[in-house]
Amino acid sequence: MFLEFLTPPFMQRALIAAVLVGITAPAIGIYLVQRRQALMGDGIGHIAMTGVGLGFLLSTSPVWMATAVAVAGAVVMELIRWYGHTRGDLALAMLFYGGMAGGVMLINLSDTGSNANLTSYLFGSLSTVSESDVIAICVLAAFVVLVTVGLRRQLFAVSQDEEFARVTGLPVRVLNLLVAVTAAVTVTVAMRVVGLLLVSALMVVPVAAAQQITKSFKVTFVLSVVIGTGVTLAGTVTSYYQDVPPGATIVLLAIAVFVALTALAAPLARRRARASEVKGAECTLEVPAARRRTDDLRV
């Protein structure tokens, strides 16, 4: 039966999570790409691992604990970006690697943690998405959508040119901090579906794919969300039928879409160039004709 995948309760939860991830990851990812911080999600994913470990160690929700730690890490990353100067990259490296190492250590120290738990958070797992995870993901995704859509003009201005945004009176540092916090929340939203190590790809690749055939920010935003939602749903369903890792499947599908749109972009560019040349030639012919009509009136 074609719709068999909708019957198991765990697949219903996984599909809800996949849709929310497909929307939220590109929604914040487009601002990270504009700011040339495409790998920020990867760094936050390393830090969030400590939160997952704390969740198992303290017998609390790993999703909420990872959210708290990821947000704190994102704030520290932004502070390092402001004040780190020449040694900022070294501080960020220690923060990322320390976050991953801390998460592995804490999970192994907990009574309920195991290597299987670690793998499911690193690369995603359909069967482990619980009802409490879905509730947490829905709440966090609502926050991400509210920020990325409601403040899109301000965030776009800051992402394009911080100095210009500052001159116009926008609270640049507050908005930068909000982008970092929203990225951290998105990482924890996506970790149950694509995993902490692959979430950055879902933030960046759909945006890069959309940019191949779009010109405006608005169209790029919408198309990247459509691509993100499409590949997460397709990857989730594929992983159910083929028993393959959902995170890897989703990312590979996103890369395939990027390659396809890149191949399509070249013919589109040539067609636009020819249309522009034809339009320019028509304008050139219209100018002498207008001059002749003017001369006739003068006579």
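**Entry 1: helix α6**

I began with helix α6, which runs over residues 131-150, and found that its 20 residues reach 28 Å from the first C-alpha to the last, close to the 28 Å expected at 1.5 Å a residue. I noted beside this that I am working from a predicted model.

Next I looked up which residues of α6 are hidden, and I listed D133, V134, A136, I137, L140, A141, V144, V147 and T148 as buried. They cover an arc of only 160 degrees around the axis, so they lie on the same side of α6. On the other side of the helix I found E131, I135, L146 and G150, which are exposed.

I then asked myself what covers the buried residues of α6. The cover includes α1, α3 (62-83), α7 (152-160), α9 (172-190) and α11.

**Entry 2: α3 against α6**

From that list I took α3, and I saw that α3 and α6 pack at an angle of about 35 degrees, with their axes 9 Å apart. Looking at the residues themselves, I wrote down V63, W64 and T67 on the α3 side, which meet D133, A136, V139 and L140 of α6. Sorted by kind, the residues of this contact divide into five nonpolar, one polar and one charged.

**Entry 3: T182**

I moved on to T182, which is found in helix α9. Is T182 buried or exposed? Its relative accessibility is 0%, and because buried means under 20%, T182 counts as buried.

Leaving aside residues up to four places away in sequence, I found that T182 touches I28, F143, V144, V147 and T148. T182 and T148 stand 34 residues apart in sequence, while their C-alpha atoms are 8.3 Å apart in space.

**Entry 4: helix α1**

I repeated the length check on helix α1, which covers residues 9-34: at 1.5 Å a residue its 26 residues should span 38 Å, and the end C-alpha atoms are 38 Å apart, so the two values agree. Just after α1 I came to R36, which takes a positive phi of about 60 degrees.

**Entry 5: confidence**

Confidence is highest in helix α11 (residues 217-242), at a mean of 92, and lowest in helix α12 (residues 246-298), at a mean of 71. I marked α11 in my notes as one of the elements that cover the buried residues of α6.

Notes:
Residues numbered from 1 in each chain as written. Predicted model: local features only at pLDDT ≥ 70, side-chain atom pairs only at ≥ 80, totals over all residues. Heavy atoms only, no water. Helix = DSSP H or I, 4+ residues; strand = E, 2+ residues; numbered from the N terminus. Expected span 1.5 Å × (residues − 1). pLDDT = per-residue confidence, 0-100. Buried < 20%, exposed > 50% of the residue type's maximum accessible area, 1.4 Å probe, protein only. Arc of directions from axis to C-beta. Contact = heavy atoms within 4.5 Å. Axes fitted to C-alpha atoms, helices over the stretch in contact; angles between N-to-C directions. Nonpolar A, V, L, I, M, F, W, Y, C, P; charged D, E, K, R; others polar.
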